[in-house]
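Here is a short report on selected features of one structure. Keep the sequence and the 3D view at hand while reading.

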Amino acid sequence: KAFEEQAASDLHDVAAFDQIGRRLTVQLMKLGLPFDATSLRFMPAYRDDNSLLWDMNTALSEDRRETVVRERFELKERLDEPWRPLRMVEVDMRRRAHYPEWDFKLEDLREAWATVIEDAAESPPDSRRAPPRAPRGPLRLGGLGRIPDRSLRLKRLFDGDELDLGAAVDSVVQRAGGRAPDPRIFMRHGRRRRSTAIVLLMDLSESTRRFVPGSFSTVLEVEKRAVTLVVESLDASRDRVAVHGFSSNGRREVRYVRIKDFDDPFGPEEKARLRRQESGSSTRMGAALRHAGEALKGEIAERKLILLLTDGEPSDIDVFEEDYLVEDARHAVTSAAARGIRTFCLTLDRQADRYVRRIFGSRNYMVAERATAFAGSTGQSLARLIAQ
């Protein structure tokens, strides 16, 4: 009551509030209630916004009423609008990797210059189309090199590197007993195949759409037949094989597809994925070789190989210098060799000598003269690489 009579008319009158407080203090002391003005602290309620001090029933001003009406009208309009579905945004889930490129004129390595984009996983294949036919007769990868293995011991031999003590003792006992001794008293260590990890890298550029001279098969079809035959002929217990392909549309879009990876079987799905590959775009060889080398980086094998199947020299739409991509590919091959990865090229280009020797070296390429011999040449090249 005192607040309404003395302070409600002017909330900024400090003297009125002080007088009211003194009167309340006197009343509390008369009632005998304990009171200490030095320690008394009034704590507001949790999240107190002092709304009790304001009269919420007072009439709104004209401007405020117009604002409230306009806001209600706009809200009603939004609620009455028909529902529209959200616009779907397609997210590119493809993996990207950035690689340097060698500028032979500047003699400098351009860091993160080329972008390799891996295609996303494909849906289950449609196998209505017949697979490419392989050449008649099985492909035998003979002459594969073997290395000595001290864990393998061949005993009781007529000649060898060491004396087989057990056989020698038996021979002495036979001689002492008056019998003819067994002359097979030698032994030597056995030999075994080296474990290998191989990437068969297919050129999928537009030039592989052309027909091979003297045949009715395109270059890409010949590559597919060679890959199918070679993968099926390798020893799965010793050789880990991956089949990859590449093409490019400038340095920012080097398309890379994994047709078969190291841990994948070469089953119906992988064969159908191989059949679905089509020719297109250009041939940025250096970036693809570097990416194939990165795929081999995690493999545990005694020998790591990249076998490139192509039909021409490297080229791309954003490169106009004749030797730029050739020198970059050569740098990629040299860098891979420094990491223990050997690169070999098999090409159908009969005029490839002028650039392929510069890229891969004089002993690391082969030119197939005919389309029918391409699969066999692929097997021979691979056998030569594994044997060395």
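Predicted model: local features only at pLDDT ≥ 70, side-chain atom pairs only at ≥ 80, totals over all residues.

## From S9 to S10

Between S9 and S10 the chain passes through helix H8, residues 324-338. This β-α-β crossover is right-handed.

Strand S10 spans residues 341-347. Of its 7 residues, 6 are buried, so the strand is largely enclosed by the rest of the structure. The cut-off for buried is under 20% relative accessible area.

## From S10 to S11

S10 also pairs with strand S11, residues 365-367. Here 3 bridges join the strands, and they run parallel. Thr347 has Val367 in S11 as its bridge partner. The chain gets from S10 to S11 by way of helix H9, residues 353-360. This β-α-β crossover is right-handed.

## A nonpolar surface patch

Now to the surface. Which residues form a nonpolar patch there? They are Phe3, Leu11 and Phe17. Together they have about 270 Å² of accessible area.

Leu11 belongs to the loop between helix H1 (2-7) and helix H2 (14-30). Its relative accessible area is 47%. Exposed requires over 50% and buried under 20%, so Leu11 counts as partly exposed.

Terms used
Residues numbered from 1 in each chain as written. Heavy atoms only, no water. Patch = residues over 30% accessible without salt bridge, like charges linked within 9 Å, V, L, I, M, F, W, Y side chains within 5 Å. Areas by Shrake-Rupley, 256 points an atom, 1.4 Å probe, with all protein chains shown as cover. Salt bridge = Lys/Arg side-chain N within 4 Å of Asp/Glu carboxyl O. Helix = DSSP H or I, 4+ residues; strand = E, 2+ residues; numbered from the N terminus. Buried < 20%, exposed > 50% of the residue type's maximum accessible area, 1.4 Å probe, protein only. Right-handed = clockwise from strand over helix to strand, strands pointing away. Pairing = 2+ DSSP bridges.
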